[in-house]
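Welcome to the tour. Have your viewer ready and your selection tool at hand, and we will go from stop to stop.

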Amino acid sequence: MPMQPASTEITSRTTAIIQELKGLEGPLLPILHGIQEEFGHVPQDALPVIAEALNISRAEVHGVVTFYHDYRSHPAGRHVLKVCQAESCQSMGSDAIAAKLKQLLGIGFHETTRDGSVTLEPVYCLGLCACSPAAMLDGEVIGRLDDEKLDEIVAEVRS
Amino acid sequence: MIPRIYIPADSGALALGAEKVAKAIASELAERGIEAKIVRNGSRGAYFLEPMVEVATANGRIAYGPVKPSDVKSLFDSGFLTGGPHKRWLGAPDKIPFLAKQTRLTFARCGVIDPLSLESYKKHGGLDGLTNALALTPAAIVAQVTESGLRGRGGAGFPTGIKWKTVLDTVGDRKYIVCNADEGDSGTFADRMIMEGDPFVLIEGMTIAGIATGATKGFVYVRSEYPHAVAMMNKAVEVARKAGVLGASVLGSPYTFDMEIRVGAGAYVCGEETALLDSLEGKRGMVRAKPPLPAHKGLFGKPTVINNVISLASVPVIMDKGAAFYKDFGMGRSRGTIPIQIAGNIRYGGLFEAAFGMTLGEIVDDIGGGTTTGRPVKAVQVGGPLGAYFPRALFDTPFDYEAFAAKDGLIGHAGIVVFDDTADMLKQARFAMEFCAIESCGKCTPCRIGSTRGVETIDKLAAGIEPEKNLALVTDLCNTMKFGSLCALGGFTPYPVMSSITHFPDDFKPAPVRVAAE
């Protein structure tokens, strides 16, 4: 598992991100995206720093962070595999795809394998509906999933 | 002449292996010592042929597809750089039936040009609409858009010109153009395709909207599930700024307009316009009560035009060819063209831009070629997770806002998802409620609580517990959600649920009966 940075380090890196983006209109989401990119998640220790800099309450920042599915409270695995579970992919057997992945990886949705190699998540539409069922591995899109492609994915995340 | 090879970098093509094909072609070129230019274009939208590689020959473009990396050597051996015959040979792309049958107005350049070449964009009619607009008064631009009959392509179908007029007529020290690119509906990918394949058309449309309404700043709110579209839009804005399309003086005129690309954070409800505005402001994506309309008090309380990607991307062609030209396509009060996205269990899936008026049956059977599994079509969901499921009996419904409303459905963002006869409609109805429960912003009770109670009640139906009573309960609950919810999430979730119950009653019968029937 990645090392958790100390809180002073979180403060200084968070401050740097805030300084860069503070001038935007409505800067909170861009700042949170920046923080998640920096740390792989949004650390609790970053919240008071943001609240102070934007002159909003810590509760407001907490409210925003927890509202959006994308922001993580803990670091993800080295790979993140998102499997589409929306209607178009359902029509092409995404249920079975998800079940097979869970079995192959030995984890459920929103879980990370014990060796920290991969986090499995559902996603509701990747806009690849003419090539369902679809998934996204670390930002790379994969369409027309079948057993062969699933095996390739599993081999890649395990390597 | 150096040969030109077009290999799509559209997400859909990438998902089918376009990157590996591009690498294979590049290395084959190097190995054979051939000099050629590889252009990474968008997709033309015939996804059953992707990755579709095109070469520019003396006789025009020749397409090959679907190309696998293992085909590349033999393509070179057959002289594909000059259009030579090969088992993947498709001929001129415009003659491929799926593409030849379309009316491409909004998507005229998508998949044809290099998305980041402003020169290529101009050569294919780009910026003509903006140039025409600059010669008109703001009121005259708004009048053209109103006259064209363009209605919101995001799903609500509200006349775009009227929205613009409201913003033009509202006094404000600062006004905004917000583009809703939070394309979350399953079965839709038109916004993604245009952002990846022809980003300048969206920039041009937003700039025209700015000039027409007095807005000087634009935001595109793109969902985070579209990283390639985000990257492409950012690059295109940079190019447009350098070329003076965006900035203090739009194309040398006295008008100022600039824009920023913002990324969502995985909340479906942010596709609802007022939730999107809250999200842009850096808040939880909570739906606002209307009035005030965003046109009066929108982003940061300022007058704001908020339009879908396709609505804005359709404006340049209207300003280029005129309102009458655009209005000439379509039927009834649905004017112009609509990019229909044919998805799910379908043989020929992809984007099909056509004038309004085709029937659902023509789209699914004639264009889409039926299911890819080869089984009979059972249901077609039109308009995303909040759209109704249509049975074959309603396949004569023409693609038109009013015609779909009359059949208790909606065209939404024009995505259609096909299901074969293995689909369980009770399961689909349950998913609609479950999805609403996951994505509800929580502000209004019918949506927040109703969706969870809906899942529980449908589970009771599935278990055969008091079926008649529970069916009546779901129906009553849907009625409450439809009329009591603040926005379309809670308000339209009843569409997929009730259409499933109405058109596929057998799937809701108690389990023993269902088993016996099979």
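The domain bounds used on this tour come from an automatic or database domain assignment. For chain B, that assignment gives domain 1 (4-100), domain 2 (118-327), domain 3 (330-420) and domain 4 (425-517). Colour chain B by these ranges before you move on.

**Confidence check**

Keep in mind that this is a predicted model. The model scores are ipTM 0.96 and pTM 0.96. If you colour chain B by pLDDT, you are looking at an average of 96, with 98% of the residues scoring at least 70.

**Stop 1: an open sheet in chain B**

Show chain B as a cartoon and find its sheet. In what order do the 5 strands of this open sheet run? Reading across, the order is β2-β1-β3-β4-β5, and the pairing is mixed. Select 37-39 and 89-91 of chain B to highlight β2 and β5, the edge strands, each of which pairs on one side only. From one strand to the next, the twist averages 25 degrees.

Now select residues 4-6 of chain B, which make up strand β1. β1 of chain B and β2(B) run in the parallel sense, paired over 3 bridges. To see the two strands side by side, pick Arg4(B): opposite this residue, in β2(B), stands Lys37(B).

**Stop 2: domain 1 against domain 3 in chain B**

Select 4-100 and 330-420 of chain B, the ranges of domain 1 and domain 3. Their centres, taken over C-alpha atoms, are separated by 30 Å. How many residues of each domain are in contact? Domain 1 of chain B brings 5 residues and domain 3 of chain B brings 6. On the domain 1 side of this contact, the residues divide into 4 nonpolar and 1 polar, with no charged ones.

**Stop 3: the two domains of chain A**

Switch to chain A and select 7-67 for domain 1, then 79-158 for domain 2. The C-alpha centres of these two domains of chain A lie 30 Å apart.

**Stop 4: where chain A meets chain B**

Finally, show both chains together. The contact between them takes 34 residues from chain A and 47 residues from chain B.

Conventions. Residues are numbered from 1 along each chain as its sequence is written. Chains are lettered from A and ligands numbered from 1 in the order in which they are written. This is a predicted model: local features need pLDDT of at least 70, side-chain atom pairs count only at pLDDT 80 or more; totals for chains, interfaces and linings use all residues. pLDDT is the predictor's confidence in each residue, from 0 to 100. Two strands pair if DSSP finds at least two bridges between them. Helices (H or I, at least four residues) and strands (E, at least two) are DSSP runs, numbered from the N terminus. Axes are lines fitted to C-alpha atoms, for helices over the stretch in contact, and angles run from 0 to 180 degrees between N-to-C directions. Two residues are in contact if their C-beta atoms, placed from the backbone, lie within 7 Å. Ala, Val, Leu, Ile, Met, Phe, Trp, Tyr, Cys and Pro count as nonpolar, Asp, Glu, Lys and Arg as charged, and the others, Gly among them, as polar.
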